[in-house]
Structures are given as C-alpha cells and as structure tokens.
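Please open the model in your viewer and keep the sequence panel beside it. The tour goes from one selection to the next, with a short account of what to look for at each stop.

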Amino acid sequence: ETQRLLRAAAASDRAAIEQLLVRHLPGLEAFVRLRMGAELRRKATPPDLVQSVCREVLEDLGDFEFRGEAPFRHWLYTRAENKLKEKHRYHQAQRRRSD
C-alpha cells in the first residue's frame, strides 16, 4: 500500500498526496502545538493552524515535485513553520496597533 501510494504521489496523483497528508496529520499537529507558543495559543488552536496549512498545501501542489515521503514531510513541516511565523508577525502587528 505504501509503495503504491508513493508511486501515485510521484505521478502527481492528488488523491495519493492527500492520503499522505492525512498520514502526517498527527505529527503535524504535535509539531504545531509544540512550536506555537503561549501567545499564539491564546489566539488560535493547533487544529485550526494545521487545517490552514493543509489547505494551502493542497492549493500549492502544482508547485511541489514529489520526490519521496521524507522530502514531502520536510516540505509540509516547513510550511507549518512558515505559517506559525506568519501568524506570530500578524498578532505582533495587531498588538502594536492597539498600544
């Protein structure tokens, strides 16, 4: 099953890539939960941020060349890290505006 899924994902099969994404959801949510910090946790939940990351990943699949599960996981977690930074900057800017 894994080999079939990996081959299909390498052939840009959207359903296969979505299945890989689902496989990584628990780890991705744990990654986000550990890295989001207390301030951001007051503004958003880990599942909300993960959902946002997944939505963006699925929208940007055309820009991703599948080369295996490990590079896929790296790309996915990098996208999550970027989302955390983006949300942190946004909330910092909001806080400065309200001061």
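How many residues does helix α4 have, and how far does the helix reach from its first C-alpha to its last? Select residues 46-59: helix α4 has 14 residues and reaches 20 Å between those two atoms, close to the 20 Å expected at 1.5 Å a residue, where the expected span is 1.5 Å times one less than the number of residues. Helices here are DSSP runs (H or I, at least four residues), numbered from the N terminus.

Before going further, note that this is a predicted model, in which local features need pLDDT of at least 70, side-chain atom pairs count only at pLDDT 80 or more, and totals for chains, interfaces and linings use all residues. Residues are numbered from 1 along each chain as its sequence is written, and side-chain values use heavy atoms, with hydrogens and water left out.

Colour the chain by pLDDT, the predictor's confidence in each residue, from 0 to 100. The mean for the chain is 88, and 98% of its residues reach 70 or more; confidence is lowest in α1, at a mean of 78, and highest in α2, at 92.

Return to α4 and show its side chains. Pro46, Leu49, Val50, Ser52, Val53, Cys54, Val57 and Leu58 are buried, that is, under 20% relative accessible area, with exposed meaning over 50% and partly exposed in between (1.4 Å probe, protein chains only). The cover over these buried residues includes α2 (14-35), α3 (37-43) and α5 (69-98).

Next, select Leu28, Val32, Phe72 and Leu76, which have the most contacts inside the largest nonpolar core, a group of 29 residues. Such a core is a set of buried Ala, Val, Leu, Ile, Met, Phe, Trp, Tyr and Cys residues joined through side-chain atoms within 4.5 Å. Helices α1 (2-10), α2, α4 and α5 each give two or more residues to this core, and the largest share, seven residues, comes from α2. Centre on Leu28, which touches Val50, Val53, Cys54, Leu76, Tyr77 and Ala80 when residues up to four places away in sequence are not counted; contact means heavy atoms within 4.5 Å.

Move along α2 to His24, which lies in that helix and is buried at 8% relative accessibility. Leaving out residues up to four places away in sequence, His24 touches Glu69, Phe72, Arg73, Leu76 and Tyr77.

Now turn to the charged side chains. A salt bridge is a side-chain nitrogen of Lys or Arg within 4 Å of a carboxyl oxygen of Asp or Glu, and by this rule the count comes to seven.

- Select Glu29 and Arg33, whose side chains meet in a salt bridge at 3.6 Å, N to O; being four residues apart in helix α2, they are separated by about one helical turn.
- Select Glu81 and Arg35, which meet at 3.7 Å, N to O. Glu81 lies in helix α5 and Arg35 in helix α2, so this pair ties together parts that are 46 residues apart in sequence.
- Select Arg79 and Asp60, whose closest N and O atoms are 2.7 Å apart. Arg79 is in helix α5 and Asp60 in the loop between α4 and α5, 19 residues apart; Arg79 is buried at 17% relative accessible area, whereas Asp60 is partly exposed at 26%.
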